[in-house]
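Let's walk through this structure together, one step at a time. Keep the 3D view open as you read.

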Amino acid sequence: MLTFLKQLGSPPVFFRLSGPAAVWLARAAILLAIPGLWLALAGTPTDAQQGEVYRIIYLHVPAAWMSMFLYSVATGYAVLFWIWRSPVSAVMMRALLPTGAWMTVVALVTGSLWGKPTWGTYWVWDARLTSELMLLFIYLGLMALSSLVEDEHKTDRALALFTVVGMVNIPLIYFSVVFWNTLHQGMSIGAPGAARMAPEMKITLLICTFAVWFACAAIVLVRGRWLLALREARAKWVREI
Amino acid sequence: MTALTAIVISYALGLFALAADAWQARRLEAAARALIEEDAAPE
């Protein structure tokens, strides 16, 4: 297993494996998105309290989870970069940022659209919403930093350092509904005493989550492998593509 | 805003975000391929 992971750190091996992996992940995303969208928009029952508008949950929650998950993975690559200085870690750290930023935007906007009919307002400065907005600013800041200097080798270390520092916001987002009294509801899944979801709603949420997860993974892999090819443009393996 | 409008805008944004992100990644691929081919071309 460790040998396989070490091999993945080799640019030509990563480039060769990530292409087919991205294709299969994209196919899996489409296969899950078709039933997922149908179930989300029509197949699941109407919520007894919120009515139809609750259907935003099937996009809002996967996007919010993904915004935090992608940042955590970027932090993992940042740490790997500090340890091994691997070009694969450096490009994957960069490749995750735009997708994470998009997912944060989707989580914030869909949450806002859901908040108006249920809370009576599009926005409140409560801990969950504010920390998620901070995550968007962190993503945008890191993306700006990554494109600041044309020679990306120069910004790798700064980018890795700031990515790790920004990780402090992720547990703050996740546990904000536990640490503080927020208008945002508490955890729906996994936490003891969490509100119980109907099984068909929970399954639909999982299908939609995996669809978004696979789509994001496919996009990140495509971006990562070509960032790697650009970075290693003078290497022999790139000329053999 | 009605519930239907909120749902439509939400899902349209979700699909747009994924499509735009995928398009940006593919554009990077095209740029990288062009650059590699340019480098590989005989002087």
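**Two helices crossing**

The crossing of H3(A) and H7(A) is left-handed, a term used when the near helix is turned anticlockwise from the far one by less than a right angle, with clockwise giving right-handed. Helices (H or I, at least four residues) and strands (E, at least two) are DSSP runs, numbered from the N terminus. This is a predicted model, in which local features need pLDDT of at least 70, side-chain atom pairs count only at pLDDT 80 or more, and totals for chains, interfaces and linings use all residues. Residues are numbered from 1 along each chain as its sequence is written, while chains are lettered from A and ligands numbered from 1 in the order in which they are written.

Which residues of H3(A) and H7(A) make the contact? From H3(A) come A:Met68, A:Tyr71 and A:Ser72, and from H7(A) come A:Ile170, A:Ile173 and A:Tyr174. Two residues are in contact if their C-beta atoms, placed from the backbone, lie within 7 Å. Sorted by type, the residues of this contact are 5 nonpolar, 1 polar and no charged. Here Ala, Val, Leu, Ile, Met, Phe, Trp, Tyr, Cys and Pro count as nonpolar, Asp, Glu, Lys and Arg as charged, and the others, Gly among them, as polar.

Now step back to the whole of chain A. Its secondary structure comes to 9 helices and 0 strands. The radius of gyration of chain A, taken over C-alpha atoms, is 19 Å, close to the 18 Å that the globule rule gives for 241 residues, so chain A is as compact as a globular protein of that length. That rule is 2.2 Å times the number of residues to the power 0.38. The C-alpha trace of chain A spans about 60 × 35 × 30 Å along its principal axes.

How much of chain A is buried? Buried residues make up 40% of its 241 residues; a residue is buried if 20 or more other C-beta atoms lie within 10 Å of its own, exposed if 12 or fewer, and partly exposed in between, with C-beta atoms placed from the backbone.

Chain B comes next. It has 1 helix and 0 strands, and its C-alpha trace spans about 65 × 10 × 5 Å along the principal axes. Of the 43 residues in chain B, 23% are buried.

Finally, look at where the chains meet. The contact takes 23 residues from chain B and 30 residues from chain A. On the chain B side, the residues divide into 16 nonpolar, 3 polar and 4 charged.
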